[in-house]
Amino acid sequence: MSEPKPPTPTPGDTYKGWLFKWTNYIKGYQRRWFVLSNGLLSYYRTQAEMGHTCRGTINLATANIAVEDSCNFVISNGGAQTYHLKASSEVERQRWITALELAKAKAVRMQAESDDSGDECPAAPASSGQGGGCRNSEVQSTLRTLSSKVEDLTTCNDLIVKHGSALQRSLSELEGIRVGADMGEKIRQVTERATLFRITSNAMINACRDFLSLAQNHSKRWQKALQTERDQRIRLEETLEQLAKQHNHLERAFRGATVLPPSFSNPTLGSKGGVSGKGDASDEDDDNEFFDAMEDPAEFITVPADPKYHRRSGSNVSGLSSEIGMDDQSANFDELSLASNPESPQPLELEPVRQRRTRIPDKPNYYLNLWSIMKNCIGKELSKIPMPVNFNEPLSMLQRLSEDLEYYEILDKAAKCQNSLEQMCYVAAFTVSSYSTTVHRTGKPFNPLLGETFELDRLRECGYRSLCEQVSHHPPAAAHHAISEKGWTLRQEIALASKFRGKYLSIMPLGSIQCLFDKSNNHYSWKKVTTTVHNIIVGKLWIDQSGEIDVVNHKTGDRCHLKFAPYSYFSRDVPRKVTGVVTDKDGKAHYVLSGTWDEKMEFSRIMQSSKGENGTEGKQRTVYQTLKAKEIWRKNPLPEGAETMYFFSTLALTLNEPEDGVAPTDSRRRPDQRLMEDGRWDEANAEKQRLEEKQRTARREREREAVKAASSPEEADAQETGTEASEVSDETDTEDSPPHTPVASPCGPSHFPYQSAHPENYQALWFEKIDDPVSGETLHVYKGGYWEAKDQGSWDMCPDIF
């Protein structure tokens, strides 16, 4: 699931987003929702907790912010609180660092101003949004006090006017009277009124003194606050000016690249100046990255790159400009030229595309007692235990192989690449994308019956066709062939070996995958990594991918070494991390890949490499100076309600959808699988046992025919007796049995390093076994005939396996 891109932080804004917070060595990094507001950084488990439960708050005014590496940073306030945080990318980390530094500077400034004024605001509670309320209430209180003082001054002024007028009248009357008996009374009145005037005047003076003192105490703080607002306005105006310049620059670059249609406004094209000649070197300097070499891939170093790699004028179309700019964009421009080429094949008429289903029946919540299964298997070999459909998902292994094509667009783009090294990046990203569907898929796919097939015809929607067939039962092996109108062919033959380690189950795919491109004749091959299912006995099942993959171009000698880091409670790396380096036949590195196998992958072109400091275990690291990373693959979001539909992807939901015209051996026609999808698990278990018994009977018949064909009549009778004896121990062999432990083959080189205990006289219907002269491997390849048979509706050659 992808998060929306957060806005660029500006002073005074509330900044929110997801970060990974280090909890302990048991749980490692956990995803938390962080809120930065008014100098306080608070975090919550989810966004819903913001209204009621704050998990912690740190005051940035006294905190120290330190950057550890490309994604990690630490916030500490002197030992009492320390947050070890990790962002999803270096760009996201820089956004947070900028926002935190701005918030810290503002918090320190406001605290100093509060100390200078002598009116300190009480400490804000440990929740976001309280600092602003404290300051607002303080201002309101001050205004109320000043208003009351103004009212006192008004009252005093009215009294002075009143008593002053009375005193003036008394003095006038005193001048007009005669000296006599009334003289004493008049003098007494004048004295009283003069006293009242003096008292009122003193009150007026005191009120003026209080008002002046109060105004002087707050004027300094208000002047600073006003200056702060002015400074903030200036910074905002400068930011708007920079954004306007960048917008103007992007508009000029867009007008200059007239070859691009409006629907193809790729931001990576706008960030490169090598093609249009209008790039601004200053815009690119902050986007260069340094990646450590594969000797120590867990750490990455980022430093400013040499700007000379970005200063390319329009006249400089040779040398570095053509080498970098044209290679990086060859696939994009080639795609446009193909789209606009009138000679390219175009559909003559638009036919309505079939609407695929978007839901399947919800998974029933059946209780499964593991002991009820195991108690009936005491004394039996573990590999002979029949497993109910409760552990399965309603797809076969052939359909799971076809899910590798969910991100077929990566191979479409690779087919358009002019540069073989860039094409290698796309092929490597395709190998990683095939694991993205497994992160929540803990259900076991149905093991295919011998001769079972599965077709995936997406010629009209996506431009490719795919066919899988189960070509061997002991050892179980499936062959896959897919061909696209965009000029690529994918073929693979996969068998599985498993090892039970007590707490987890390791599944090791045997065999290789090959990808061929028609235009360049590049021939790639690679193998899959180990899949580990954890918490087999107790706890919630979860899946991890670990190991290394070498993608080899047999034509050019180019190679991509991918490393899938295993999950560790004690690692501070991003979970499910994948790193890789693309090298040519001489071992020179050209591209760096990084990302996770459950979310996205990015690749960067290497401009310069140098030896760096020693990493872990004393190994010297190579520092790669690269251009800005470009996203090459991102996982599609799961459909709504996927948790109730076995966590199937959008493609997986359509794989078992009934279709007309498919072969009678197609997995869609398998009855036990169909019953399980419909939620009728008891009937599915009964049907599964019937199919297993039918397969065992057919297998014994093939073994008898093989013995008779290879021996004389006397030897055949003796060997047939031995075969019948072996059938007793094989009665419980089911189609769900795990693959046998690999052993060395005494019969010379073979694609699979083990032999079946029972010789089978079986030939695959649509595939044939060959020795590939390019890769030197032995595998089953498609020999043709299936799609022609489908067009004719002739399936007489298909066996009755269901």
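A: In this predicted model, Arg 491 forms a salt bridge with Asp 772, and their closest N and O atoms are 3.6 Å apart. Arg 491 belongs to strand E14, residues 488-500, whereas Asp 772 sits in the loop between strand E26 (767-771) and strand E27 (778-782), so the bridge ties together parts that are 281 residues apart in sequence. Both ends fall under the 20% limit for a buried residue: Arg 491 has a relative accessible area of 14%, and Asp 772 has one of 6%.

The structure holds 37 salt bridges. Lys 688 is buried at 3% relative accessibility, and Glu 692 is buried at 4%. Elsewhere, salt bridges with shared partners join a network that includes Arg 354, Glu 461 and Arg 668.

Leu 490 touches Leu 405, Phe 430, Ile 513 and Trp 526, among others, leaving aside residues up to four places away in sequence. Leu 490 and Trp 526 are among the residues with the most contacts inside the largest nonpolar core, which has 66 residues. Helix H10, residues 420-433, supplies the largest share of this core, 9 residues. A second, separate core has 20 residues, including Leu 41 and Ile 75. In soluble globular proteins, nonpolar side chains tend to be buried together.

Definitions and conventions
Residues numbered from 1 in each chain as written. Predicted model: local features only at pLDDT ≥ 70, side-chain atom pairs only at ≥ 80, totals over all residues. Heavy atoms only, no water. Core = buried A, V, L, I, M, F, W, Y, C linked by side-chain atoms within 4.5 Å. Buried < 20%, exposed > 50% of the residue type's maximum accessible area, 1.4 Å probe, protein only. Helix = DSSP H or I, 4+ residues; strand = E, 2+ residues; numbered from the N terminus. Contact = heavy atoms within 4.5 Å. Salt bridge = Lys/Arg side-chain N within 4 Å of Asp/Glu carboxyl O.
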